[in-house]
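Colleague: I'm new to this one. Can you walk me through a few bits of it?
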Amino acid sequence: MRSPKDFFAPLAVGAPEPLRQIPVPPSRMIHFFDPGNEKMAAKVPDLAKKVDVLLGNLEDAVRADRKVAARNGLVSIAKATDLGKTQLWTRVNSLDSPWVLDDLITLVTEIGDKLDVIMVPKVEGAQDIHYVDRLLAQLEARAGLTKPLLVHAILETASGVANVEEIAGASPRMQGISLGPADLAASRRMKTTRVGGGHPGYLVRTDPVGEDLNEGRTTYQQDLWHYTVARMVDACAANGILPYYGPFGDIRDVVACEDQFRNAFLLGCVGAWSLHPVQIDIAKKVFSPSPEDVAWARRVIAAMGDGTGAVMIDGKMQDDASVKQCRVVAELADALAADDPELAAAYDAAGKETSA
Ligand SMILES: CC(=O)SCCNC(=O)CCNC(=O)[C@H](O)C(C)(C)COP(=O)(O)OP(=O)(O)OC[C@H]1O[C@@H](n2cnc3c(N)ncnc32)[C@H](O)[C@@H]1OP(=O)(O)O
Ligand SMILES: O=CC(=O)O
Ligand SMILES: [Mg+2]
């Protein structure tokens, strides 16, 4: 364990200084694509105009005999494509796999200046982040990089969940954490067979109304991921990094996908993964605060003046704590609207309606 005094010291001679604060450009959707899949790769320039983050996936969903093609494909795409303001991330193979060392060596040396964040799967504890942290510093020094690469952990093992607080604070490189419900379910020996989302068998039932135990009893499906998402959000917020919901595998069910994303948004997540183009607009809609919420937040902020004391608006008490929540929503809206004239117009229009 490093001394707290050395936390922000580079881990290799010649590596860039670690950042004190992580950058927070929009990352409402982390769009996964297989860089070795020619059809998907061909869509990258167009997708870059629509998404906040493009992620070249090298891990699960890429066949073992396509791992090298995916890695080389990502190098070619990063060198050849101007992504504008869209961030480029990658998900490397897991730390116990035969591919990860070459993934990291190749990507950092060849395209380290184009990559923003490296997603590390199946993180079990701080030791995994420390390993990646030192290796990245060595590779950054070798490649002469001036900007440190950031690291994103997937929370998808039972040990990872048990150690989530130490993972979140393991390095100044830590940018965020995503819930990985599919691997987490397997690691926990849950009896689901899905990639994220709910399960109709996980429910509570109202009490019996008479002798017939089956008669008139309503059931309510429960959220399998509530505990883990909430724990991940707390660990991230406490360490100044960002939480994300991960994959929703039922691509056809755009309705439940939106619900799952919204639950995560309301609990504090800033984005989710999109696995298919159809999920991009869902994430954009859900992780951009609604015009009505923004109008309300701005109204409360205006009414609260210096942010202290209490006022009544539409029968609802507002004070220092509610204005802080409103600032979270309004500041997110301002940041998103700065680069999105359509969203800016929708927020302004809702504000005018509220004050009319
Ligand atoms: C548990 C986890 O680890 S989740 C993360 C790992 N998984 C992934 O990354 C999966 C990424 N997504 C995919 O592989 C694909 O979307 C699949 C396999 C789920 C479905 O693919 P398809 O059967 O081709 O879907 P579909 O026919 O609807 O695709 C429509 C078009 O969108 C393209 N497309 C599909 N997904 C993507 C994507 N993620 N990015 C870019 N283009 C895509 C297809 O190539 C197809 O192109 P075409 O019109 O030129 O033929
Ligand atoms: O990698 C994601 C998951 O759900 O597993
Ligand atoms: Mg996984």
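Colleague: Let's start with strand E4, residues 117–120. Are its faces buried or exposed?

Modeller: Keep in mind that this is a predicted model. In it, both faces of E4 are covered. Val-117 and Met-119 are buried on one side, and Ile-118 and Val-120 are buried on the other.

Colleague: OK, and how do E3 and E4 pair?

Modeller: Strand E3, residues 87–91, runs parallel to E4, with three bridges between them. One to look for: Arg-91 has Met-119 in E4 as its bridge partner.

Colleague: Which helix goes with E3 and E4 in a β-α-β unit?

Modeller: That's H4, residues 100–111, and the unit is right-handed.

Colleague: How many bridges join E4 to E5?

Modeller: Four, and those strands are parallel too. E5 covers residues 150–155, and its Ala-153 sits opposite Val-120. To get from E4 to E5, the chain passes through helix H5, residues 126–143, in a right-handed β-α-β crossover.

Colleague: Switching topic: at what angle do H10 and H11 pack?

Modeller: About 35 degrees, with the axes 9 Å apart. H10 is residues 254–267 and H11 is 278–287. Their crossing is right-handed.

Colleague: Which residues meet there?

Modeller: From H10 they include Phe-261 and Phe-265, and from H11 they include Ile-282 and Val-286. By class, the contact has nine nonpolar residues, one polar and three charged.

How values were computed: Residues are numbered from 1 along each chain as its sequence is written. Chains are lettered from A and ligands numbered from 1 in the order in which they are written. This is a predicted model: local features need pLDDT of at least 70, side-chain atom pairs count only at pLDDT 80 or more; totals for chains, interfaces and linings use all residues. Side-chain values use heavy atoms; hydrogens and water are left out. Buried means under 20% relative accessible area, exposed over 50%, partly exposed in between (1.4 Å probe, protein chains only). Helices (H or I, at least four residues) and strands (E, at least two) are DSSP runs, numbered from the N terminus. Two strands pair if DSSP finds at least two bridges between them. A crossover is right-handed if, with the strands pointing away from the viewer, the path from the first strand over the helix to the second runs clockwise. Axes are lines fitted to C-alpha atoms, for helices over the stretch in contact, and angles run from 0 to 180 degrees between N-to-C directions. A crossing is left-handed if the near helix is turned anticlockwise from the far one by less than a right angle, and right-handed if clockwise. Contact means heavy atoms within 4.5 Å. Ala, Val, Leu, Ile, Met, Phe, Trp, Tyr, Cys and Pro count as nonpolar, Asp, Glu, Lys and Arg as charged, and the others, Gly among them, as polar.
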